[in-house]
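Please look at the sequence and structure first.

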Amino acid sequence: MGKPDFLTPKAIANRIKPKGLQKLRWYCQMCQKQCRDENGYKCHCLSESHQRQLLLASENPQQFMDYFSEEFQNDFLQLLRRRFGTKTVHNNIVYNEYIRHREHIHMNATQWETLTDFTKWLGREGLCKVDETPKGWYIQYPDRDPEIIRRQLELERKKKQDLDDEEKTAKFIEEQVRRGLEGKEQEVSVFTELSRENDDEKVTFNLNKGACSSSGGVSSKSRSLGPSALKTIGSAALVKRKGSSQSSAPSKEKKKKSVLDEIMEIKEEKKQKTAQTDYWLQPEIVVKIITEKLGEKYHKKKGVVKEVIDKYTGVIRMIDSGDKLKLDQTHLETVIPEPGKRILVLKGGYRGNEGTLESINEKTFSATIVIETGALKGYRVEGIQYEDISKLA
């Protein structure tokens, strides 16, 4: 029987059938061929072209799986970005949109077994923002537009700058208030009763030419003041005399600190607050082993740190025996040398600077050092704790 003509019902039916989605179990991913029924799929598996594809895949199956996985990932993300933008959407909705395309890569040919595994992988790799809810997994494509990223960075930088300006303003106001309190002299006025040696003496108020004077006699144009007014004038005069006597005495003002010292103190406090870390091991410092698990041979013995591994572990070379040990910093403690010896700052704002030990305060377990390196060379630091410094080898 010959092939049906182009416009016959049989030919038209044959052209209509492949347009819709077929069953997945009758699809060959290696040959990218969709079969209509089970018999057609069986015939395809026995064909020579299919057998050649299987031989090629058997030589390097991982390469084919990586290729299909990469194609599936790229097509899926491209559809998510183009169709939904940066909206949060259910992963199954995106997948249904993806498989509508007849030539899509099927998931059973990739390294992911389920859509959930693929969604988790996208979240781990940072390709999408993933969120698990009672209704299922939701994904969101991150917006990587350079212009939008630049605006976000500018907003963050501006916000941080505003916070810094507010902190500077607050510190400046506090400094002005402190200076005002230090320089202010509190004056207290003391009021006492007027006492006179001669009770018969009268105080008169002379109105000649608008001038006021007090005398012992009584003139023709004078008025006698009452007891209440007399008491007030006498008290005011007494306070005035006391004030003049106090102003004549030398004033004792507190010695104010220089502006440079105040700036250094503020800078030191800020560095001490922001530079605290929980790891302190540094190369070429002398440490003491405090753990008893290594036996008496190494307990309370000193060594030099030769190498620091992962910030918390150090390779220690013993001073006495020359043995090398790998210990955590919890099994070690710092060594405080004699005054005049060189030390290294391990914690705080001066971390990494070398200095000289000036003195030790055994009551407060602190020391006074002089910085020898860095921008603060020659600066004297008091009250630094024992565990923040150690002897240099």
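**Briefing: salt bridges, surface and a buried glutamine**

The side chains of Glu 354 and Arg 342 form a salt bridge at 2.4 Å, N to O. Here a salt bridge means a side-chain nitrogen of Lys or Arg within 4 Å of a carboxyl oxygen of Asp or Glu. Glu 354 sits in strand E14 (residues 354-361) and Arg 342 in strand E13 (residues 342-345), so the pair ties together parts 12 residues apart in sequence. This is a predicted model: local features need pLDDT of at least 70, side-chain atom pairs count only at pLDDT 80 or more, and totals for chains, interfaces and linings use all residues. Residues are numbered from 1 along each chain as its sequence is written, and side-chain values use heavy atoms, leaving out hydrogens and water.

**Overall picture**

- The protein chain has nine helices and 17 strands. Both are DSSP runs numbered from the N terminus: helices are H or I with at least four residues, strands are E with at least two.
- Of the 393 residues in the protein chain, 26% are buried. Buried means under 20% relative accessible area, exposed means over 50%, and partly exposed lies in between (1.4 Å probe, protein chains only).
- Take the contacts in the protein chain between residues at least 6 apart in sequence: 45% of them join residues at least 24 apart. A contact means heavy atoms within 4.5 Å.
- The accessible surface of the protein chain is about 28500 Å², and 52% of that belongs to carbon and sulfur atoms. Areas come from the Shrake-Rupley method with a 1.4 Å probe; for residues, only the protein chains shown count as cover.

**Salt bridges**

- Side chains of opposite charge can pair when their charged atoms come close.
- The structure holds nine salt bridges.
- Glu 284 and Lys 306 meet through their side chains in a salt bridge of 3.7 Å, N to O. This pair links distant parts of the chain, 22 residues apart: Glu 284 is in the loop between helix H9 (259-274) and strand E8 (286-289), while Lys 306 is in strand E9 (residues 302-309).
- Glu 284 is partly exposed, with 34% relative accessibility. Lys 306 is partly exposed, with 34% relative accessible area.
- Lys 297 and Asp 323 form a salt bridge at 3.5 Å, N to O. Lys 297 lies in the loop between E8 and E9, and Asp 323 in the loop between strand E10 (313-318) and strand E11 (324-328), so the pair ties together parts 26 residues apart in sequence.
- Lys 297 is exposed at 54% relative accessibility, whereas Asp 323 is partly exposed at 26%.
- Salt bridges also link Glu 175, Arg 178 and Arg 179 in a network.

**Negative surface patch**

- Asp 162, Asp 164, Asp 165, Glu 166 and Glu 167 form a negative surface patch. Patch residues have over 30% relative accessible area and no salt bridge; like charges are joined within 9 Å, and nonpolar side chains (Val, Leu, Ile, Met, Phe, Trp, Tyr) within 5 Å.
- Lys and Arg count as positive, Asp and Glu as negative; His and the chain ends are not counted. A charge is placed at NZ of Lys, CZ of Arg, CG of Asp or CD of Glu.
- Glu 166 belongs to helix H7 (residues 146-183). Glu 166 is exposed, at 52% relative accessibility.

**A buried glutamine**

- Gln 73 lies in helix H4 (residues 61-84). Gln 73 is buried, with 16% relative accessible area.
- Leaving aside residues up to four places away in sequence, Gln 73 touches Trp 112, Phe 118, Trp 121 and Leu 127.
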